[in-house]
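The sequence and structure come first.

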Amino acid sequence: MKHYQRMLKKLIGFQLHQLCVYGQYLNLDTDHNGMLSKAELSRYGTGTLTSAFIERVFQECLTYDKEMDYKTYLDFVLAMENRREPQALQYFFRLLDIEQKNYLSVFDLNYFFRAIQQQMKAHDLIQCGQGDTVVSILIDLNGFWTYENREVLVADNNDECEV
């Protein structure tokens, strides 16, 4: 019986999430045409996605008259919410690999970095609560490496504490 209750809870949770995602889609669709424009998608989440990223989404993903339908939006949301998954990373790599060389070139990285640079102000760096991490990633190879390996480092520290 408990197995069925767990499965039912998962199913209800999944259906609620679907309703939530659809509700988000409807809220973003300010002109109520059933499609999302670049301007409408730019309000996704906290509204901080760069215009360069939004532009790439619309260049690479299936659109209709330069607007995004719900299925394309659902693919986008699944990738955004599951960034650690291989499928999501493939989705993002396709967007990031502007020149379609199967690797991220200096041009690709610079394109997206410039967009972040244009949006980030000193106030943002101070208010985010992670300014020290951002600065370390940008100015210090060891800071970048430490950030990239933070989960492994925490696991190693926990293992040492248990011994």
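Among contacts between residues at least 6 apart in sequence, 47% join residues at least 24 apart. The model is predicted. Its chain holds ten helices and zero strands, so that, in the notation of DSSP runs, the order of elements from the N terminus reads α-α-α-α-α-α-α-α-α-α. Of the 163 residues in the chain, 24% are buried.

**Nonpolar core**

The largest nonpolar core comprises 25 residues, and those with the most contacts inside it are L41, Y44, F53, V57, Y73 and F76. Two or more residues of this core come from each of α1 (2-28), α3 (51-60), α4 (70-81), α5 (86-96) and α6 (106-119). With residues up to four places away in sequence left out, V57 touches L41, M68, F76, Y91 and L95.

**Helix packing**

| Helix pair | Angle between axes | Distance between axes |
|---|---|---|
| α4 and α5 | about 115° | 8 Å |
| α3 and α5 | about 100° | 9 Å |

With that angle, α4 is roughly perpendicular to α5. The crossing of α4 and α5 is left-handed. On the α4 side the contact is made by D75, F76, A79 and M80, and on the α5 side by A88, Y91 and F92. Sorted by class, the residues in the contact of α4 with α5 are six nonpolar, no polar and one charged.

The helices α3 and α5 likewise lie roughly perpendicular to each other, because angles of 65 to 115 degrees are assigned to that category. Here F53, R56, V57 and E60 of α3 meet Y91, F92, R94 and L95 of α5. The contact of α3 with α5 has five nonpolar, no polar and three charged residues.

**A buried arginine**

Is R56 buried or exposed? This residue of helix α3 has a relative accessibility of 3% and therefore counts as buried, the cut-off being under 20%. Not counting residues up to four places away in sequence, R56 touches R94, L95, D97, I98, Y111 and F112. R56 and V57 both take part in the contact of α3 with α5, and V57 is also one of the residues with the most contacts inside the largest nonpolar core.

Note on methods. Residues are numbered from 1 along each chain as its sequence is written. This is a predicted model: local features need pLDDT of at least 70, side-chain atom pairs count only at pLDDT 80 or more; totals for chains, interfaces and linings use all residues. Side-chain values use heavy atoms; hydrogens and water are left out. A nonpolar core is a set of buried Ala, Val, Leu, Ile, Met, Phe, Trp, Tyr and Cys residues joined through side-chain atoms within 4.5 Å. Buried means under 20% relative accessible area, exposed over 50%, partly exposed in between (1.4 Å probe, protein chains only). Helices (H or I, at least four residues) and strands (E, at least two) are DSSP runs, numbered from the N terminus. Contact means heavy atoms within 4.5 Å. Axes are lines fitted to C-alpha atoms, for helices over the stretch in contact, and angles run from 0 to 180 degrees between N-to-C directions. Angles under 35 degrees count as roughly parallel, over 145 as roughly antiparallel, 65 to 115 as roughly perpendicular and the rest as oblique. A crossing is left-handed if the near helix is turned anticlockwise from the far one by less than a right angle, and right-handed if clockwise. Ala, Val, Leu, Ile, Met, Phe, Trp, Tyr, Cys and Pro count as nonpolar, Asp, Glu, Lys and Arg as charged, and the others, Gly among them, as polar.
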